[in-house]
Amino acid sequence: MSWKKSAMVAVKVEVGPSIMLHSGAWFDFASPHTSDFTVEDIAHGLAHICRYSGQCSRFYSVAEHSLLVSDVAEGFEFEALLHDAAEAFIGDITRPLKQMLPDFKRIEAAVQDAVLKRFGIASPLPPQIKEADLRVLAAEQRQIMPPGTDGWLAGLTIQPAPILVRHLQPETAKRMWLDRFETLRRERIVKGQSQAR
């Protein structure tokens with residue numbers, strides 16, 4: 001695939017199509033694994049992106065959603081916290097639109113793989129995370145979306161998670177996400193050290 005230079009602001013295409021991150025680093029969509037992103041870039045992006053294309057009752061960030069999935073995915077909290085991390089760079093595209101964009105799905109998978117590898121998480125993620133994600137999705141739709149949005153649950157055995165959407169402000173969601181990341185990261189290091197003995 002050949003990328004042409006563009007005069008667009010905050011987009012660099014000398015190597016591949018790239019965007020400037022909050023940290024000042026460049027993220028190259030053609031080479032996400034070599035991009036110099038930080039955990040703070042991820043937290044910042046997730047905290048400022050609203051789920052449901054902004055069509056929910058009030059602002060509800062991907063960062064808050066990730067915290068809730070992490071709470072529900074017992075035994076896989078760290079992986080669950082990062083399950084939507086690619087959205088920090090590509091945005092939260094609704095599922096129906098993703099189905100129409102096969103190239104986007106490929107790009108999203110590559111970006112997600114780069115994030116997971118950066119933090120030592122195996123890909124693909126365990127099915128327990130998808131289950132937790134669906135349970136949180138079902139619960140949050142009942143709380144912040146119009147009646148009937150959760151109609152897809154009919155006939156399924158998915159139990160909505162016992163969560164409460166708090167509509168955290170971006171600064172709060174970012175801080176809480178980073179705190180949770182650091183706590184879980186330390187726990188993984190300690191666990192890894194004890195297993196190595």
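**Stop 1: two packed helices**

Select helix H2 (residues 62-72) and helix H8 (residues 170-196): their axes come within 9 Å and cross at roughly 35° (axes are lines fitted to C-alpha atoms over the stretch in contact, with angles from 0 to 180 degrees between N-to-C directions). Helices (H or I, at least four residues) and strands (E, at least two) are DSSP runs, numbered from the N terminus. The model is predicted: local features need pLDDT of at least 70, side-chain atom pairs count only at pLDDT 80 or more, and totals for chains, interfaces and linings use all residues. Residues are numbered from 1 along each chain as its sequence is written, and side-chain values use heavy atoms, without hydrogens and water.

The crossing of H2 and H8 is left-handed (the near helix is turned anticlockwise from the far one by less than a right angle). Show side chains for the contact (heavy atoms within 4.5 Å): Ala63, Ser66, Leu67, Ser70 and Asp71 on H2 meet Ala173, Met176, Trp177, Arg180 and Leu184 on H8. By class, the residues of this contact are six nonpolar, two polar and two charged (Ala, Val, Leu, Ile, Met, Phe, Trp, Tyr, Cys and Pro count as nonpolar, Asp, Glu, Lys and Arg as charged, the others, Gly among them, as polar).

**Stop 2: the largest pocket**

Which residues are the closest to the centre of the largest pocket? Its volume is about 900 Å³, and of the 33 lining residues, Asp84, Arg95, Lys98, Lys130 and Asp133 are the closest to the centre. A pocket here is an open set of points on a 1 Å grid over the protein atoms alone, where a 1.4 Å probe fits, with protein on both sides within 12 Å along at least five of seven lines; lining residues have an atom within 4 Å of a point. The volume is the space filled by probe spheres set on the points, which are joined across faces, edges and corners.

Colour H5 (95-99), H6 (102-118) and H7 (127-144): each supplies at least two residues of the lining. The lining divides into 14 nonpolar, eight polar and 11 charged residues.

**Stop 3: two backbone details**

Go to proline 124, in the loop between H6 and H7. A cis peptide bond joins serine 123 to proline 124, with omega about 0°. Then select serine 53, in the loop between H1 (39-48) and H2; although not a glycine, serine 53 has a positive phi of about 50°.
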